Amino acid sequence: MTSVSSHTHALSINPATGERIGAYPYQSDVALDAALERARHGFGQWRRLDVANRAGYLVALAQVLRDSSEALARMITQEMGKPLAQARGEIEKCAQLCLWYAEHGPAMLAPEATLVEHHKARIEYRPLGPILAVMPWNFPIWQVLRGAVPALLAGNTYVLKHAPNVMGSAYLLLEAMHKAGFPEGVFELVNVTPDGVSRAIADPRIAAVTLTGSVRAGIAIGAQAGAALKKCVLELGGSDPFIVLDDADLDEAVKAAVVGRYQNTGQVCAAAKRLIVEQGVVEEFTRRFVEATRALVMGDPLANDTYIGPMARFDLRDELHQQVEATLAEGASLLLGGVKPAGAGNYYPPTVLAGVTDQMTSFKEELFGPVASIITARDAQHALELANDSEFGLTATLFTADLERARQMTDELETGGVFINGYSASDPRVTFGGVKKSGFGRELSHFGVREFCNAQTVWLDRR
């Protein structure tokens, strides 16, 4: 049997067992060129379809996703360890996304009147062309469709370069697009190395680029897109603050903090990573939070009662553990977890660090895994200062009974989204994206539809 390596193939490794479940050869320059040509040709046809017809394909895709839900969910679980119940939820959320945009999206693309007299001028939204999308592994289907659905509805075509460890999920999604009847070239999948990505960005057939990933990847992709003078959207990391003030409903705050930190085994860019709690309630919040976290079931991601599955990649678990150990060496207290289990699976237990300060590793860096850091704030103003003391700015959560104070604090929070008395989440009805090193550009809502459009001014009879 011929051996394969990560240099020649994208390898899919089951993180629950360490076993290889797939090897997908990287495509040649010729194959990449053919995919880009199909996307270019497909754009010429797709953009001319009436938007209502394009919406019809989204309705068909929603049905295919639901019909294929179990196969897609199991592939996600096997490739990156997401508990099966959460993987099923991801597919259903994708189906709902398609239906929501099919219903509401066309109106977002309608010509927009201006203040020019007699309505002689308007804004028309035109698609840009083939979009290159470099996507991550943590939500293998949702992350792709979150950007693809509005872009496709607007008339663009999509060229997906997915993460190497979830190529099985990527090919199942491609199959779903075909079953939904999307014409050739509208949705292309390319399995290429970083050199292939660079080649695609520089290719004139690619009109724009979108990336969800690390800050390092964002810097590289953003620089290449800039050099090619191409629009790009970057959705990068986060170290999101979860603020709990003295007057908060602690029952609700604890429940939201547990879900906000540990869903998807903590591998969420917008997870509640820094729990900033006002000193009057920090002791009680910590007690309840640790108790609730201890009750989470870690184990086989295919089991129905599992909430914490294995982390997606073994190198990421090692990196996370190093960050935990560094924070403890800096003076934090370990209240729960913090030990790598023995055995083949890539598990890391739900971990709680207390006594974290703004000088410690887990405060300054993003911890992409099931580790929560509890930071004490002297008062609401101090909580706000701690929340903003980060190079990231994706989302923030704020628990308080005083909604007027919450609105005032929202004005000061340096994040792309603020969620009051509820954990952060992406939803097609509202925009999603960050500031600072969390990236730029927006997905979802009408911003997501128009992000890859040419807002063209049309002035009739300007005499």
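Which elements each supply at least two residues of the lining of the largest pocket? I looked this up first, and got β1 (9-13), α7 (194-202), β8 (208-212), α8 (215-227) and α11 (314-329). Helices (H or I, at least four residues) and strands (E, at least two) are DSSP runs, numbered from the N terminus.

Ground rules for myself: this is a predicted model, where local features need pLDDT of at least 70, side-chain atom pairs count only at pLDDT 80 or more, and totals for chains, interfaces and linings use all residues. Residues are numbered from 1 along each chain as its sequence is written, and side-chain values use heavy atoms, with hydrogens and water left out.

**Pockets**

A pocket here is an open set of points on a 1 Å grid over the protein atoms alone, where a 1.4 Å probe fits, with protein on both sides within 12 Å along at least five of seven lines; lining residues have an atom within 4 Å of a point. I take volume as the space filled by probe spheres set on the points.

The largest pocket comes out at about 1600 Å³. I count 46 lining residues, with Gly213, Ser214, Arg216, Ala217 and Arg313 nearest its centre. α8 gives the most to this lining, 6 residues. By class I get 23 nonpolar, 13 polar and 10 charged (nonpolar is Ala, Val, Leu, Ile, Met, Phe, Trp, Tyr, Cys and Pro; charged is Asp, Glu, Lys and Arg; the others, Gly among them, are polar).

Next I checked the second largest pocket, at about 430 Å³. It has 20 lining residues, and Lys93, Phe139, Gln263, Ala425 and Ser426 are the closest to its centre. α4 (84-108) and α5 (142-153) each put at least two residues into that lining, and α4 gives the most, with 4. The classes are 9 nonpolar, 7 polar and 4 charged.

**Helix pairs**

α5 turns up again: its axis and that of α2 (residues 51-67) come within 9 Å and cross at roughly 150 degrees. Therefore α2 is roughly antiparallel to α5 (the cut-off is over 145 degrees). Axes are lines fitted to C-alpha atoms over the stretch in contact, with angles from 0 to 180 degrees between N-to-C directions. Val51, Arg54, Ala55, Leu58, Leu61 and Leu65 of α2 meet Leu145, Val149, Leu152 and Leu153 of α5 (contact means heavy atoms within 4.5 Å). I find 9 nonpolar, no polar and 1 charged residues there.

I also looked at α3 (residues 69-80) on α6 (residues 167-179), which pack at about 165 degrees with axes 8 Å apart. So α3 is roughly antiparallel to α6. On the α3 side I noted Ala71, Leu72, Met75, Ile76 and Glu79, and on the α6 side Met167, Gly168, Ser169, Leu172 and Leu173. That contact splits into 7 nonpolar, 2 polar and 1 charged.

How values were computed
Angles under 35 degrees count as roughly parallel, over 145 as roughly antiparallel, 65 to 115 as roughly perpendicular and the rest as oblique.
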